[in-house]
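Here are a few exercises to work through with the model open beside you. Try each task before you read its solution.

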Amino acid sequence: MTEMIAQRVAFAQTLIELGRENEKIVVLDADLATSTLVDKFAEALPERFFEMGIAEQNMFGVAAGMATLGIIPFCSTFACFTAKRALDQIRVLIAQPKLNVKMIGAYSGILTGKTGKTHQSVEDIAVFRAMPHIVTIAPVDGREVALALRAMVDYQGPIYLRLTRDPCPVIVDDDYVFTIGKALLLRDGSDVTIIGTGEQSQRCLVAAEILAEQNIQAHVLHVPTIKPLDVEAIIAAGVKTGLVVTAEDHSIIGGLGGAVAEVLGEHNPLPIKRVGWPDIFGESGANDDLLDKYGLTPEQVAKAAMELLQRRRR
Amino acid sequence: MFRLETEQLEKWTDLAQRVRKEIVSNVHDAQGGHIGGSLSVVELLIALYFKIMRIDPQNPDWEDRDRFILSKGHASIGLYTVLAERGFFQTQELCSFDVCGSRMQAHPCMLVTPGIDMSTGSLGQGLSAGAGIALGAKLFKKNFLTYVMIGDGEAQEGQIWEAIMMASHYRLDNLITIMDYNKVQLYGHQKPTPTPPLTDAKAKFEAFGWHTLEIDGHNYQAILDACQEAKETKGVPTMIIADTIKGKGVSFMEGRYEWHAKVPSDEECQMALKELDCLPRKCPPGELVKEVLSND
């Protein structure tokens, strides 16, 4: 039985551990603590938890000021607010002066607990990819979240961490070493390459199993760091099969699909199919219904791979 | 209370003239920059950097220094000039204002310019950063103070009020904010197009829990007294509403919204410098800039 853990749960637990190890770590919240689960940090280390109220713009500015003193602030709110509501503050006060603020984008993508299009975040990767100095990380599971958080504390500079809400299978190994900027090969195959990021990489693995039933061996690469991108690993994974499907819970414009298309287009042009949000806003609904309606299920990732293979056969 | 001696007052009055001359000259030479809002804050900046703040120009990153954030970052040339006069860098570097490759960027950048404690430029943001520094100082039990200068136009930004609310909630008595209340902004307060003005500012800040003072922002003694009172105020942050004149010191610029960011013509520059009782500089600006940039 695969272990299931929500990324936010792993995030909150690890943050407390890190906070106990490092007294420079503080957490700022914009009144979402019981959703993002940083309320656990507030209970464990109350003197280093700062409630900023429903005022994200001020929160990121406060974090910037703190960072100038050597404090390591974790700003916690939903991805939709981090990447948009406070974007100019992040740009001028954090990104431009390269301040050591860790920015959390909780409830990213489409699966936001029935809150609908206002709270879904389908543009956050594109936003931060285009912004200089911001490292952007989207882990696949709870274990990788914990590892990524440790790496984030060791790294000096602004980072955006994209998290999801609901329990998802743990797929990275016990001995996995997370490195910022490094992709992870999840499955070796020779017929078609599937490149995923965030929780969607786990659905890419399921897609590979669906394809395997039809004797198609998928090569699956997980890209947890979207910026800086592991260009070498992406080119190698593409060259391995000559066909590339990208999959992400994000718009296909400007996200992982866009990034992979840019890399391969410049270095080694290959047929690509991007699976992700088409250029539309979402709606509220149950997770499975949303994944299905908006084309993010493993079956739909597998279907995209089949289409590429058929195109090659023609 | 510190009483300003006549001799000191005369020195600072001369200094203000020199600073204004540099502002006018450098905006003219750079063909860019914000002249009106730089001229309005000259006395405030001189008082802060020459008396009020605990700083060391030789050691701009000193951990226990008082911090200053120019939230109205477009008044950068005013701040650069005072920093130069205080010894953070050579005054001749001012002529590289707004030039490619210069440390004198249009808006203050903490990565390149000595003495800049926070990058600013997008209005409404600096007070939040100042509140963060003040909150961090309390966390680490540091006793330095954080000064933030905002504009009255800037107070139209909602984020200012987020920060105002949060600073009093956290009882940031180590945060002192000065509002350059020059009552004029890019497209005017009253003419030709009225913008939502900051009326009853004192009552508003007080309602948000701030100790609030109103002073003449061009009067050194008033500035010193207000800052002293702010330092002695415990449990709440202090807002000093400094009544100023936009374009102060140059008659044809005073109180006129056109001079928010207008560049003076050669003739206007000469007229302004004459009023400021200063001679135009002798060296052609282009050569000075080259010399300054080649020194880096």
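**Exercise 1. Find out how the radius of gyration of chain B compares with that of a compact globule of 296 residues.**

Solution. Keep in mind that this is a predicted model. Start with the expectation: for 296 residues, a compact globule would have a radius of gyration near 19 Å. Next, take the value for chain B, which is 18 Å, so the two agree. Then look at the outline: along the principal axes, the C-alpha atoms of chain B fill a box of roughly 55 × 45 × 40 Å. For the interior, note that 51% of the 296 residues in chain B are buried. Now turn to the contacts between residues at least 6 apart in sequence: in chain B, 76% of these join residues at least 24 apart. Finish with the secondary structure of chain B, which has 10 helices and 5 strands.

**Exercise 2. Work out which elements of domain 1 of chain A give two or more residues to the side that touches domain 2 of chain A.**

Solution. First place the domains: in chain A, domain 1 spans 4–169 and domain 2 spans 184–313. Their C-alpha centres lie 26 Å apart. Next, count the contact: 29 residues of domain 1 of chain A meet 28 residues of domain 2 of chain A. On the domain 1 side, the elements with two or more residues are α7 (124–129), β6 (135–137), α8 (142–154) and β8 (167–169) of chain A. Of these, α7(A) gives the most, with 4 residues. Sorted by class, this side has 15 nonpolar, 6 polar and 8 charged residues.

**Exercise 3. Describe how helix α1 of chain A packs against α8(A).**

Solution. Two packed helices are described by the angle between their axes and the distance between the axes. For α1 (residues 7–21) of chain A and α8(A), the angle is about 35° and the axes are 8 Å apart. The crossing of α1(A) and α8(A) is right-handed. Now list the residues in contact: α1(A) contributes, among them, A:Phe11, A:Leu15 and A:Leu18, while those from α8(A) include A:Val145, A:Leu149 and A:Arg150. By class, the contact of α1(A) with α8(A) comprises 9 nonpolar, 3 polar and 1 charged.

Conventions
Residues numbered from 1 in each chain as written. Chains lettered and ligands numbered in written order. Predicted model: local features only at pLDDT ≥ 70, side-chain atom pairs only at ≥ 80, totals over all residues. Domains from an automatic or database assignment. Contact = placed C-beta atoms within 7 Å. Nonpolar A, V, L, I, M, F, W, Y, C, P; charged D, E, K, R; others polar. Rg over C-alpha atoms; globule rule 2.2 N^0.38 Å. Buried ≥ 20, exposed ≤ 12 C-beta atoms within 10 Å, placed from the backbone. Axes fitted to C-alpha atoms, helices over the stretch in contact; angles between N-to-C directions. Left-handed = near helix turned anticlockwise from the far one by under 90°.
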